[in-house]
Amino acid sequence: MAKKLIAVVPLWDDEKESIWMLPGYMNGIEAAGGIPLILPLAGAVGESPSMPCSRRRR
């Protein structure tokens, strides 16, 4: 059976203004037989106030 490609989106931390992923998350996908793929945290400007691309420059 072919391995499944599993896409995940990182989390955004407003306080630190950075993206992050839970430790071991990628390893868990691999251990379950999947191929992890981290998608970029991006979207249309103004789509969500929690997304870095929609923040106004200070």
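This briefing describes the fold, selected residues and confidence of a predicted model. Residues are numbered from 1 along each chain as its sequence is written, and because the model is predicted, local features need pLDDT of at least 70 and side-chain atom pairs count only at pLDDT 80 or more, while totals for chains, interfaces and linings use all residues. Side-chain values use heavy atoms, with hydrogens and water left out.

**Overall architecture**

- The chain has one helix and four strands, where helices (H or I, at least four residues) and strands (E, at least two) are DSSP runs numbered from the N terminus.
- Read from the N terminus, the order of these elements is β-β-β-α-β.
- Of the contacts with a separation of 6 or more, 45% are accounted for by residues 24 or more positions apart, a contact being heavy atoms within 4.5 Å.

**Surface and burial**

- The accessible surface comes to about 4800 Å², and carbon and sulfur atoms hold 58% of that area; accessible areas come from the Shrake-Rupley method with a 1.4 Å probe, and for residues only the protein chains shown count as cover.
- Among the 58 residues of the chain, 17% count as buried, a class that means under 20% relative accessible area, with exposed set at over 50% and partly exposed in between (1.4 Å probe, protein chains only).
- Leu5, Val9, Ile35, Leu37 and Leu39 make a nonpolar surface patch of about 400 Å²; patches are made of residues with over 30% relative accessible area and no salt bridge, like charges being joined within 9 Å and nonpolar side chains (Val, Leu, Ile, Met, Phe, Trp, Tyr) within 5 Å, and a salt bridge is a side-chain nitrogen of Lys or Arg within 4 Å of a carboxyl oxygen of Asp or Glu.
- Leucine 5, which lies in strand S1 (residues 4-8), counts as exposed because its relative accessible area is 56%.

**Individual residues**

- Isoleucine 29, in helix H1 (residues 25-31), is buried, with a relative accessible area of 10%, and, leaving aside residues up to four places away in sequence, it touches Ile6, Val8, Gly34, Ile35 and Pro36.
- Isoleucine 29 and valine 8 are 21 residues apart in sequence, and their C-alpha atoms are 10.0 Å apart in space.
- Glutamate 17, in the loop between strand S2 (11-13) and strand S3 (18-20), has a positive phi of about 50° although it is not a glycine, and at 37% relative accessibility it counts as partly exposed.

**Confidence**

- The mean pLDDT of the chain is 79, and 72% of its residues reach 70 or more; pLDDT is the predictor's confidence in each residue, from 0 to 100.
- Over residues 54-58 pLDDT stays under 50, and the model has nine contacts beyond four places in sequence for them.
- Where pLDDT is low, the predicted coordinates should not be read in detail.
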